[in-house]
Amino acid sequence: MERRLALKCTKCNILYEFEVERKLCERCGCGLTVETGTPAAFRENVGGQGIWRYAQLFPYVSREFHFSLGEGNTCLIESARLRRELGVQGLWFKNETTEPTGSYFDRCSALFVSLIKSLGYERIVTYSTGNLAASLAAYSSRIGLKLHINVKPMVDVGKLYQMILYGAKVNVIQDFSKTRISMGDALAIEHDPIINEAKKTILLEVFLQLGRRLPEYIILPMGEGGLAYFTYKMLIELKKIFGDGGLKTKIVGVQPRGCAPIVEAYERGFDDVLSDTRFFTKIFDLSVSRPKYGSAALKAIRDTGGCAVSVSEEECYRALSMLAEMEGILAEPAASLSLAGLMKLRKSGGIGDDATVVCIITGGGLKDPKIMKDIACRKSDAVILLEELGVDVKMGKTKRAILELLSEEDMYGYQIWRSLREKYGISMKIPSVYQHLSQLIEMGFVRKTFSKNVLGRRREYYSLTDKGRIAI
Ligand SMILES: [Zn+2]
């Protein structure tokens, strides 16, 4: 039965009548949430496909418009190897990499696009850093809606190919605020309340998959902050439906250090997220300097007794590698943040040995071939393999400079160290030079040729191999 919808501000609680066009609170500029009323009992729609199994928890959409590509119901993978490595009692990964387009946004697209179609819209306009647009493209083509996408020049090419192949019209613009909406268009953006409502289903599935229990911690990445807040919203609804007893889980939000306004506000004890944070991170999906659900995410974290942490790109890439090597899950960098956050909190003692933890892995790594290549190239044997296959393996500035020096003459370590400084302005400690040399030897570009004693000291000389010559 149709329920009357209202939108409520996640910060100042003002109520608005539901309109697709309304995205933010007029008074405070924060994100909104749909008020549908919590049902008294949970009834899974057993015949429903994808997220429509949980139709009861969404704004009403007539059954004939329940479109799906089989999103949701992803595996909750119990970790054995990383759990032992990190020394926690229980660890699971909610693996969203297996969604139809490879990200958790498929849950959102299914709900948004179905609702929009049921309301008679014919075209969707979106601007996105990648995953949402790629997902909307698939669902729009499934339903037969036109989709116009604006992306920024630094969009991940894997996601761009998805948008094109699903048949969307793609434009590159520098400034999303210049997106033009015509009469009859529905705007789909990451801080849309309907799009975010579908994120609730992740916690609901975790709850069902763990036998109607929740872990002590649920760890998730944050950009706009929507996943943190709507996970919290589901937690509240679950408590209303099933009672408060035992339903406790602490929400932990993780941001990349280069763009962490929510973490900054958390650490400084603020209720509001500062909007003028300067940011720089290669984790483009989470580069949100003014998160619309920032205050809401802070509330979710504080009310549940969780915390917010930031991690460096290096910590994120390390987590990505470990997740792939030890659990068989290939996540994209943004999705690896939850594990990186857990690793950091284990090290600092923020999460104890007896904890049970679910990390949400929001999207798959194949969408970002550039970062996959960069991480693969950190493995010396992979560099040699890629070279043999003719892949352009770009070397760092220092290694290239060492190869250039050795192309002129054979040199010993101290001599290389001095020449790097004098000829290339590269200043570093001598042990670092030897580390680069040993990596170049592993890569097959350099070899030790001879050594001689000079004034009682032994000098080892290095020279280029044929492969090294070809490489430069
Ligand atoms: Zn407000």
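Trainee: Which residues form one aromatic cluster with Y229?

Mentor: Y229, F230, Y232 and Y293 make up that cluster. Rings of Phe, Tyr and Trp (its six-membered ring) pair if their centres lie within 6.5 Å; planes under 30 degrees apart count as stacked, over 60 as edge-to-face and the rest as tilted. Before we go on: this is a predicted model, where local features need pLDDT of at least 70 and side-chain atom pairs count only at pLDDT 80 or more, while totals for chains, interfaces and linings use all residues. Residues are numbered from 1 along each chain as its sequence is written, and side-chain values use heavy atoms, leaving out hydrogens and water.

Trainee: How many aromatic pairs does a search of the whole structure find?

Mentor: Eleven. A pair of aromatic rings is described by the distance of the centres and the angle of the planes. For F230 and Y293, the centres are 5.4 Å apart and the planes stand at 85°, so this pair is edge-to-face. F230 sits in helix α7 and Y293 in the loop between α8 (261–267) and α9 (294–303), so the pair ties together parts 63 residues apart in sequence. Helices (H or I, at least four residues) and strands (E, at least two) are DSSP runs, numbered from the N terminus.

Trainee: Are F230 and Y293 buried or exposed?

Mentor: Both F230 and Y293 are buried. Buried means under 20% relative accessible area, exposed over 50%, partly exposed in between (1.4 Å probe, protein chains only).

Trainee: Now the metal: which residues coordinate the zinc ion?

Mentor: Look for C9, C12, C25 and C28, whose SG atoms coordinate the zinc ion at 2.3 Å. Donors are N, O and S atoms within 2.8 Å of the metal (3.2 Å for Na, K and Ca); water is not among the atoms, so sites may look incomplete. In sequence, the donor residues follow the spacing C-x2-C-x12-C-x2-C. C12 lies in the loop between β1 (6–9) and β2 (15–17), and C25 in the loop between β2 and β3 (32–35), 13 residues apart.
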